[in-house]
Amino acid sequence: TLSKAEAVKQQGRQLRGNLVRDLADTAHPFDNAGYSLLKFHGIYQGYDRDSATERKQRGDEKHWQFMVRVRIPGGRLTADQYLALDDLADRYANGSLRVTTRQSIQFHGVLKSGLKATIAAINEALLTSLAACGDVVRTVTTVPAPISDAVHRRLEADARRLSTHLLPKTGAYHEIWVDDEKVTPDEEPDPLYGERYLPRKFKLGLATPEDNTIDVLTNDLAIVALFEGDTLTGYNFLLGGGHGMTHNKPETYPRLATPVAFIEPDDLLEAAAAVVRLHRDWGDRGNRRHARLKYIIAERGEEWARERLAEDLGKPLEPC
């Protein structure tokens, strides 16, 4: 049986749900289905905890507010983009910009009435909040060292290419937040994510053997780029990392990504998409606590995963 979250995604018309309708009602929070779908747009709904008890005693509604996360591949921003985000923090959020451990920036304290304007302004700065949260490939991280040699330039470029390639294709984001126009007449399943997207979130990082500052093995897909001098020779794909566990649930556990396959330089994007499809097709959609890619790899093994990826790509794959 599918979990409730799966039904919400399936009935969400490619992440649209009733978000447009409910956005117009600024007096009330989004319902549970809206709350789930908002995450795919980079938004979490919450309330101000500091005032909650006092408001409850007065019989008042909670003070609802939102966190908005920006998807920034490798955490690379231009000065203009940073200034635009800094300005937004004062205009629509609580004046703070939170830098996350996964190279994103988050706004806190955004009100429902300012949500659309915030997202539109992020879009104007040539950034997006789409897929910064939700059951999709999240912000792609890479080593942050400010070095502009061939290796680091390649890692930065790969992070951007992967981020674009693995972004959901739905027109819902633009329709709802940016220009109100129906971009896509149809609501076909996403070519990569399908109708129900992934069973759980999917984290991806890029590192080199010499620099693992991002703790690459804690990702669902850890990509280690191999160079001889300045020449890229390929990538080691390690699958199934993740920190998460649920207290007192021994069937949930943290796990480091394990070596699965060596990928040729030209196959990077398609091979990464193949790992996403592996998670999409084999992940547990009945129990969200057992839905991350790490459980598939732990239970079925690295060789099984390499065979699945080879089938998907239509060519044999070597071990790392």
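Predicted model: local features only at pLDDT ≥ 70, side-chain atom pairs only at ≥ 80, totals over all residues.
Student: Which order do the strands of the open sheet have?

Tutor: The order is β5-β6-β7-β8-β9. That makes five strands, with mixed pairing.

Student: Which strands stand at the edges?

Tutor: β5 (141–142) and β9 (258–263) do. Each has a single partner strand, so one side of each lacks a neighbour in the sheet.

Student: How many bridges join β8 to β9?

Tutor: Five, and the two strands run antiparallel. β8 covers residues 231–239. Take F237 as an example: its bridge partner in β9 is A261.

Student: Which helix packs on the sheet there, touching β8 and β9?

Tutor: Helix α11, residues 302–313. Its direction makes about 30 degrees with that of β9.

Student: What describes two packed helices?

Tutor: The angle between their axes and the distance between the axes. Now the case here. Helix α6 (residues 112–124) and helix α8 (residues 172–179) have axes that come within 8 Å. They cross at roughly 110 degrees. Angles of 65 to 115 degrees count as roughly perpendicular, so α6 and α8 are roughly perpendicular to each other.

Student: Which residues meet between α6 and α8?

Tutor: From α6, L115, K116, I119, A120 and N123. From α8, Y173, H174, I176, W177 and V178. By class, the contact has seven nonpolar, two polar and one charged residues.

Student: Is C133 buried or exposed?

Tutor: C133 is buried, because its relative accessible area is 0% and buried means under 20%. C320 is partly exposed, at 40%.

Methods:
Residues numbered from 1 in each chain as written. Heavy atoms only, no water. Pairing = 2+ DSSP bridges. Helix = DSSP H or I, 4+ residues; strand = E, 2+ residues; numbered from the N terminus. Contact = heavy atoms within 4.5 Å. Axes fitted to C-alpha atoms, helices over the stretch in contact; angles between N-to-C directions. Parallel < 35°, antiparallel > 145°, perpendicular 65-115°, else oblique. Nonpolar A, V, L, I, M, F, W, Y, C, P; charged D, E, K, R; others polar. Buried < 20%, exposed > 50% of the residue type's maximum accessible area, 1.4 Å probe, protein only.
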